[in-house]
Amino acid sequence: MEEILVRLSSLPGVIGCFFVGRDGEFASQSLHKAFAKDKAQQAVLILSQTFEALTEMTRFKIDKVVLNTSSSRLFIRKFERGFLNILADFTADTISLNQAMTEALEQILTAKPKVPVAEVKPIAVEKPLPAVVEIPPPPALLDKTILESIFAVTEEYLGELAASIYGNQLADHKLDPNKLTKDQVMKLCFALQKDGGMIIGPSAAKEMADKMLKIIK
């Protein structure tokens, strides 16, 4: 889910996005710190009732709504797991956002469900065993030469502008070439896609980002 929200939030004109599930699951990306999670979850209950009422009134199934404010638009998609939402400004391309949300929902619905971990019952012993704290292994590091490959793709699509755009994003993300993780490089790719979209258009920028992600994987 996080990877999908990162991709959506990197689209041109997108302020942030969030997902609220019917089971209480919540995830967000790029939203302001003042964004209230509990308010979003409460809104799902109201939205669910509203969608049902509109469906009964119009006799058509309603699964998406766009709410306009004075400075932004909220794109809402309802599906069986909950609600996917994108907050964007008026510069965002509506057609591209709707297509991106459709693709995101397909990925969410086709993703394999997490297998629950079986509960391990404690073993009765005469003396209590000390608690064992499992420290997760550090994320695998990527070879620093991968940045050269990412820049090569940027240059292929953005030409003379590639150096300045790539350099700015590299500085903003504060990447250490000797300590590169997959998550850091993915965020760099999506940021380049967002900047590139304003120059070569959303479709070409997405194609550029997909080519970069193939290098990472």
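Q: What volume does the second largest pocket have?
A: About 310 Å³, taken as the space filled by probe spheres set on grid points joined across faces, edges and corners. This is a predicted model, where local features need pLDDT of at least 70, side-chain atom pairs count only at pLDDT 80 or more, and totals for chains, interfaces and linings use all residues. Residues are numbered from 1 along each chain as its sequence is written, and side-chain values use heavy atoms, with hydrogens and water left out.

Q: What makes a residue part of the lining, and which ones lie nearest the centre of the second largest pocket?
A: A pocket is an open set of points on a 1 Å grid over the protein atoms alone, where a 1.4 Å probe fits, with protein on both sides within 12 Å along at least five of seven lines; a lining residue has an atom within 4 Å of a point. In the second largest pocket 16 residues make the lining, and L11, S96, A100, E103 and K206 lie nearest its centre.

Q: Which helix gives the most to the lining of the second largest pocket?
A: That's α3, with 7 residues. α1 (2-9), α3 (94-110) and α7 (202-216) each supply at least two. Helices here are DSSP runs (H or I, at least four residues), strands are E runs of at least two, and both are numbered from the N terminus.

Q: Why is the F51 and F83 pair called edge-to-face?
A: Ring centres must lie within 6.5 Å, and planes under 30 degrees apart count as stacked, over 60 as edge-to-face, the rest as tilted. F51 and F83 have centres 5.6 Å apart and planes at 70°, so edge-to-face it is. The structure holds 3 aromatic pairs.

Q: What makes the F51 and F83 pair a link between parts of the chain?
A: F51 sits in helix α2 (residues 37-58) and F83 in strand β5 (residues 82-88), so the pair ties together parts 32 residues apart in sequence.

Q: How do you know whether F51 and F83 are buried or exposed?
A: Buried means under 20% relative accessible area, exposed over 50%, partly exposed in between (1.4 Å probe, protein chains only). F51 comes in at 2%, so it counts as buried. F83 has 0%, so F83 is buried too. Buried residues make up 34% of the 217 in the protein.

Q: Why do β1 and β5 count as paired?
A: Pairing takes at least two DSSP bridges. Strand β1 (residues 14-21) and β5 share 7, in the antiparallel sense, with F19 bridged to L84 of β5.

Q: What makes β2 and β3 edge strands?
A: The open sheet runs β2-β1-β5-β4-β3, with antiparallel pairing. β2 (26-29) and β3 (64-68) each pair on one side only.

Definitions and conventions. Rings of Phe, Tyr and Trp (its six-membered ring) pair if their centres lie within 6.5 Å; planes under 30 degrees apart count as stacked, over 60 as edge-to-face and the rest as tilted.
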